[in-house]
Amino acid sequence: MKVLLIWPNNPEAVLSNELSLCEPLSLEYVAGALKGYHDVKIWDLRLDKPLSSLAKEYEPDIIGLALPFTTILRFGWDTAQEIKTLWPKCFLILGGHHPSVSEGWMENFQADFVIKGEGGNTFLELVNDIERNGEKHRPLKTKVLESPKVIDYDMIPKPNRELLKHHQNNYFHSIYNPVSLIRFSIGCPFSCSFCILWKLTDRKYITKRFDRIIEELSEIEVNNMYVVDDEAFINPARMDNLANEIRSAQIKKKYHMYLRADTAIKNSSTIANWADLGLDSVLVGAESFSENELIDYNKKAMVSDTIEAVKIFHENNIKIRANFIVRPDFNEDDFKRLEDTVHKLGIDLPSFAVLTPLPGTDLHAKHKHELIANNPDLYDCYHTLFPTLLHLEHFYELFSKLIYNTSKKNKEISNNSPMFYFSNDNYFEIMINKIRDAHKLYELI
Ligand code: B12
Ligand code: SF4
């Protein structure tokens, strides 16, 4: 069967394609499961021609459309409509993070199937069934298929990165240009109230075999690796062994990874080992400088952990991006305090997320009836869905100033200390303006 996998574009995203544009690893995983059985093409609408041009030369049997974020839904609806118009006989199958965790706003799609969870194997079975049964396999209304939960990484076929090799130099993230994405593990044993990731594996930490990791790393040509594990260093002994394996395979790359501050301070020798291997920067969820807020988020960490972790990272020449939560009940003093503390800490790039009840989280379950808007566009952590203490316009003014004042601009930085994350000053300013004007979005609702 001819299978087309589509990654949609969100031209209005606050974190725009000019600031970060990553390879659709999810679709490479789905394509990996189909490899050798079906003829697959991946179409990245952020880089490739519009679907109307593709339709002139290509007639797929089945289309898989990714819905990776809640914020993509509005453009996802438009893309699904276009697919139905261009290829009316095609089977349309949806998958990705949003439909895996939520039914919210999904009724607007006229898809044949929705696959929840890790997609590859279930997608392959479905494509095989459609090949066998043809039109008879089309359900009268959208049918939802639930993939079995991952309990062992060996269940998941290797991603097929060959299909997007022609774009490999177009994908970048912050200072990592070009970049390639990889997973060493899935899952996290913690259970922060604002986070969904631990629920996807029922708090299990599921690891990929070393030989599979080495094989993938050896095949990837680009030097910069963005490791998209939920918490990469949960098992430090394993990470030390992995570092040794990568060293013996003589693979030399730079790594950007996610981890908790307390993991770093408890395992400073593992961090030093990875720094030696090429760990160049980390993203740490600092969240707050209030112990009570950390308890409220069920973070199971202390404020002092962040302070100590910054020292460990800097001793090892690892750049640190730390994320802080901006609460809707912030007053002017809270914004000022957060700005001052972030300056004092010496974080290379602070980033800020408005407390967001992402679909499927405990936070969402607890507060879903209190939200001030019912608009998927706003689930990007740059907008509030909770009522704010300050007037909305003032809240966004202070929020945009906080980001602006704490982020170094490229023009202020010498050549040997390149900018981290906001890789382009002009698009950074556009982003700041979008946040400052965000209060206007609520008038449209
Ligand atoms: C890397 C990443 C990014 C990258 C971009 C990724 C990309 N390729 O473009 C960057 C940094 C740019 C980014 C940005 C954002 N991100 Co992000 N990101 C991730 C992260 C860490 C990894 C994604 C990934 O590659 N996973 C690995 C793949 C293999 O897993 P998967 O996506 O779940 O795919 C599997 C299944 O879902 C399924 N599947 C997926 N697609 C399809 C399609 C079909 C047809 C089928 C059948 C199955 C299927 O099969 C796949 C393979 O098994 C995830 C967290 C996570 N652990 O997933 C957050 C995550 C997806 N991001 C999130 C968010 C909120 C955002 C932002 C909206 C907010 C922000 N402030 O950063 C922006 C949006 C940017 C934009 N322009 O629209 C949330 C999404 C929550 C939600 N409900 O929307 C997540 C889950 C993190 C979180 N906070 O919980 N992100
Ligand atoms: S925020 Fe980080 S530590 Fe907390 S549950 Fe999610 S992945 Fe784990």
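**Notebook: cores, domains and ligand shells**

I looked up L259 and found that L259 touches E231, A232, F233, A264, V282 and V284, leaving out residues up to four places away in sequence. Touching, or being in contact, is counted when two C-beta atoms, placed from the backbone, lie within 7 Å.

I noted that this is a predicted model, where local features need pLDDT of at least 70 and side-chain atom pairs count only at pLDDT 80 or more, while totals for chains, interfaces and linings use all residues. Residues are numbered from 1 along each chain as its sequence is written, and chains are lettered from A and ligands numbered from 1 in the order in which they are written.

**Cores**

I then looked up the largest nonpolar core, which has 71 residues; L259, V284, I320, F324 and V326 touch the most other members. A second, separate core has 37 residues, including L73, F113, V114 and I130. A nonpolar core is a set of buried Ala, Val, Leu, Ile, Met, Phe, Trp, Tyr and Cys residues joined through C-beta atoms within 7 Å. Buried means that 20 or more other C-beta atoms lie within 10 Å of the residue's own, with C-beta atoms placed from the backbone.

**Domains**

I found the protein chain divided into domain 1 (2-149) and domain 2 (154-444); such bounds come from an automatic or database domain assignment. Their centres, taken over C-alpha atoms, are 26 Å apart. I read that 31 residues of domain 1 are in contact with 36 residues of domain 2. On the domain 1 side, helix 1 gives the largest share, 6 residues. That side divides into 14 nonpolar, 8 polar and 9 charged residues. Here Ala, Val, Leu, Ile, Met, Phe, Trp, Tyr, Cys and Pro count as nonpolar, Asp, Glu, Lys and Arg as charged, and the others, Gly among them, as polar.

**Ligands**

I checked ligand 1 next: of the 41 residues around ligand 1, A13, S26, G64, G95 and G119 come nearest. A residue is listed if its C-beta atom, placed from the backbone, lies within 6 Å of the molecule. Helix 1 gives the most to this shell, with 4 residues; helices (H or I, at least four residues) are DSSP runs, numbered from the N terminus. The shell around ligand 1 draws at least three residues from each of domain 1 and domain 2. By class, I found 23 nonpolar, 13 polar and 5 charged residues around ligand 1.

Last, I looked up ligand 2. Around ligand 2 are C188, F190, S191, C192, C195, L197, W198, D230, E231, R260 and G285. The shell around ligand 2 has 6 nonpolar, 2 polar and 3 charged residues.

How values were computed: Helix = DSSP H or I, 4+ residues; strand = E, 2+ residues; numbered from the N terminus. Buried ≥ 20, exposed ≤ 12 C-beta atoms within 10 Å, placed from the backbone.
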